Amino acid sequence: REGVLVGKRYGSADAVKAGMVDDECDMERLEGMAENFAEAGLADNLGLASFDASSFRQMKIELYTDAYRALALGTVDAEPESRL
């Protein structure tokens with residue numbers, strides 16, 4: 001959430017700890033590791049176990065309040081209602 005809403009930057013070790021990425025490696029091993037993940041079918045096996053569509057929707061609404069209101073309500077005349 002912090003990465004999306006406030007632009008928090010993560011180093012590779014912190015991204016692994018936060019569950020944002022599966023592993024870290026140096027550039028020399030990157031291609032080989034990517035091939036191994038692809039061959040293992042990792043993307044198919046994840047099943048989006050921790051994806052919460054309602055939380056994702058709410059974050060997008062907060063990020064793009066004016067666009068959301070224009071599309072959902074047909075107006076942008078009032079002040080934004082973002083909680084940020």
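Is glycine 11 buried, exposed or partly exposed? At 38% relative accessibility, glycine 11 counts as partly exposed, where buried means under 20% relative accessible area, exposed over 50%, and partly exposed in between (1.4 Å probe, protein chains only). Welcome to a predicted model, in which local features need pLDDT of at least 70, side-chain atom pairs count only at pLDDT 80 or more, and totals for chains, interfaces and linings use all residues. Residues are numbered from 1 along each chain as its sequence is written, and side-chain values use heavy atoms, with hydrogens and water left out.

**Overall make-up**
- The protein chain has 6 helices and 0 strands; helices (H or I, at least four residues) and strands (E, at least two) are DSSP runs, numbered from the N terminus.
- Of its 84 residues, 11% count as buried.
- The accessible surface comes to about 7,000 Å², with 53% of that belonging to carbon and sulfur atoms; the areas come from the Shrake-Rupley method with a 1.4 Å probe, and for residues only the protein chains shown count as cover.
- Among contacts (heavy atoms within 4.5 Å) with a separation of 6 or more, 18% link residues 24 or more positions apart.

**Confidence**
- Mean pLDDT, the predictor's confidence in each residue from 0 to 100, is 78 for the chain, and 76% of its residues reach 70 or more.
- Helix H4 (residues 42-46) has the lowest confidence, at a mean of 61, while H2 has the highest, at 88.
- Where pLDDT is low, the predicted coordinates should not be read in detail.

**Around glycine 11**
- Glycine 11 sits in the loop between helix H1 (2-5) and helix H2 (12-18).
- Its C-alpha atom is 9.8 Å from that of glutamate 24, 13 residues apart along the chain.

**Helix H3 and what follows**
- The 13 residues of helix H3 (residues 27-39) should span 18 Å at 1.5 Å a residue, and the end C-alpha atoms are 19 Å apart, which agrees; the expected span is 1.5 Å times one less than the number of residues.
- Just after H3, glycine 41 takes a positive phi of about 70 degrees.

- Met59, Ile61 and Glu62 are the buried residues of helix H5 (residues 53-63).
- They cover an arc of only 160 degrees around the axis, so they lie on the same side of H5; the arc is that of the directions from the helix axis to the C-beta atoms.
- The cover over these buried residues includes H1 and H6.
- Threonine 65, in helix H6 (residues 65-73), counts as buried at 10% relative accessibility.
- The side chain of threonine 65 reaches the backbone oxygen of glutamate 62 at 3.2 Å.

Methods
A polar contact is a pair of N or O atoms within 3.5 Å; within protein, one must be able to donate a hydrogen and the other to accept it, and residues adjacent in sequence count only if both atoms are side-chain atoms.
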